[in-house]
Amino acid sequence: MNRVAITGIGIVDNLGTNPNECFQNMITDDYVHPIDYETEIESLKGLKCFKTREPEWIVPEGMRVPLHNSLTVASKNALHVIQQATEHMGRVCKGVDYTRSTNVAVVFSSLAAKPQTEAGPFVDKLRGGKRLSPRTAVQYLNDFTAGLISQTFDFRGACVSMDAACATGLYSIDYAMHLLKTHDYVVVGGTDTPAVDDDMYLFNQLGALGTKSSPFDKTRDGFIMGEGAGCLMLEKEHNAIARGADILGYIHTVSHHTDGQLGSPTSPDLSMTGAISSMREATSGLDKDRIGFVNAHGTSTPVGDDLEYGAIQQVIPETPVISFKSKIGHSLASSGINETIYSLMCLQNSVIPKNFNIDECDLEFVYKYSQKLNKNLAVKNSFAFGGKSSTLVLEV
């Protein structure tokens with residue numbers, strides 16, 4: 001079987017600016033609480049968020065400094081994680097310069113990466129008929145970052161941005177695996193900076209935002225908005241072996257289902273039809289004793305967490321359940337990517353971090369302490385508005 005190999009990773013979020021720093025801060029018992037969201041909008045004052053750490057951005061070779069300076073934080077972070085992943089992968093390995101190949105595809109997504117932190121300046125220009133520079137205007141397009149990556153690094157294969165709400169990361173990975181049928185390499189990732197007034201307002205109006213990030217705790221009251229970016233470099237296993245690549249792990253499979261008429265625009269079906277179907281399909285044929293943990297979508301919403309836990313117990317009973325969102329919040333398009341990277345590093349380091357902010361919880365397999373791990377598979381869930389349910393299986 002020619003498996004899909006992961007040969008490079010890059011990540012930045014509120015825990016760090018590179019994979020090692022992020023992972024070490026994820027598994028430590030230290031906890032950094034979300035900060036107060038800074039805004040002039042009265043109705044948004046008092047909300048919390050996890051802001052991404054600002055890395056020491058390096059202007060990519062060939063890019064003019066003024067262009068880099070004009071980019072959003074989300075786009076700069078995207079270039080940053082690509083640089084990390086390609087450095088790990090090796091720019092030239094056994095004579096293959098993949099950065100100048102027609103066989104490098106890009107699947108990179110964002111849902112809330114805007115060039116301005118508020119909608120107000122844009123609306124003022126719109127109403128007044130004032131000029132908006134092309135450089136600024138194009139950054140409002142959700143697929144801008146994907147195109148920027150292809151142009152910056154001279155990747156000449158397919159280039160696309162996905163949009164599946166909070167399941168965007170796993171949909172992106174699935175399509176990236178499909179593109180490996182016609183490409184040697186695929187860069188897949190996501191970047192989002194949704195701690196801005198309009199996104200905070202929308203999710204607050206939906207009743208989704210809470211006061212603390214405490215997935216599975218009985219006192220949870222909603223999720224904390226997070227920010228971040230992450231990417232994976234994917235290639236076929238035989239290609240990676242032939243060029244002597246350092247294989248970090250494998251994407252075993254990705255499955256997607258929805259609730260259909262049973263769901264609602266914002267809430268899942270109470271029987272979790274889509275989630276159960278997604279997990280069953282993704283784990284079909286696997287020896288479930290090899291599954292070390294489930295990285296739950298686990299956003300800290302009052303309804304969603306209990307329903308997801310119940311669905312997990314129906315499909316993969318007695319398996320430890322962890323939500324990384326207790327430490328990093330929910331970063332929309334990048335959440336599925338970054339949490340896949342955290343899951344991969346947990347498998348590599350044979351450890352499962354504890355669930356943080358658990359004061360009251362009677363769910364048997366949601367642990368308050370870290371655990372040693374001696375299994376080589378992990379399941380990652382991402383659920384989204386519209387009843388979308390996605391499940392990925394990782395292997396090391």
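Modeller: Let's start where helix 6 ends: D154 follows it, with a positive phi near 60 degrees. Helices here are DSSP runs of H or I with at least four residues, strands are E runs of at least two, and both are numbered from the N terminus. This is a predicted model, where local features need pLDDT of at least 70, side-chain atom pairs count only at pLDDT 80 or more, and totals for chains, interfaces and linings use all residues. Residues are numbered from 1 along each chain as its sequence is written, and side-chain values use heavy atoms, leaving out hydrogens and water.

Colleague: What makes helix 6 largely enclosed?
Modeller: Buried means under 20% relative accessible area, exposed over 50%, and partly exposed in between (1.4 Å probe, protein chains only). In helix 6 (residues 144-153), 8 of the 10 residues are buried, so the rest of the structure largely encloses this helix. Among them are F144, L148 and F153.

Colleague: What covers those buried residues of helix 6?
Modeller: The cover includes helix 3 (73-89) and strand 8 (185-192).

Colleague: How do you know that strand 2 and strand 3 pair?
Modeller: Pairing requires DSSP to find at least two bridges between two strands. Strand 2 and strand 3 (residues 48-50) have 2 bridges, in the antiparallel sense, so they pair by that definition. D36 has K48 of strand 3 as its bridge partner.

Colleague: Which order do the strands of that open sheet take?
Modeller: The order is 2-3-9, with mixed pairing. Strand 2 (35-36) and strand 9 (225-226) stand at the edges with a single partner strand each, so one side of each lacks a neighbour in the sheet.

Definitions and conventions:
Contact = heavy atoms within 4.5 Å.
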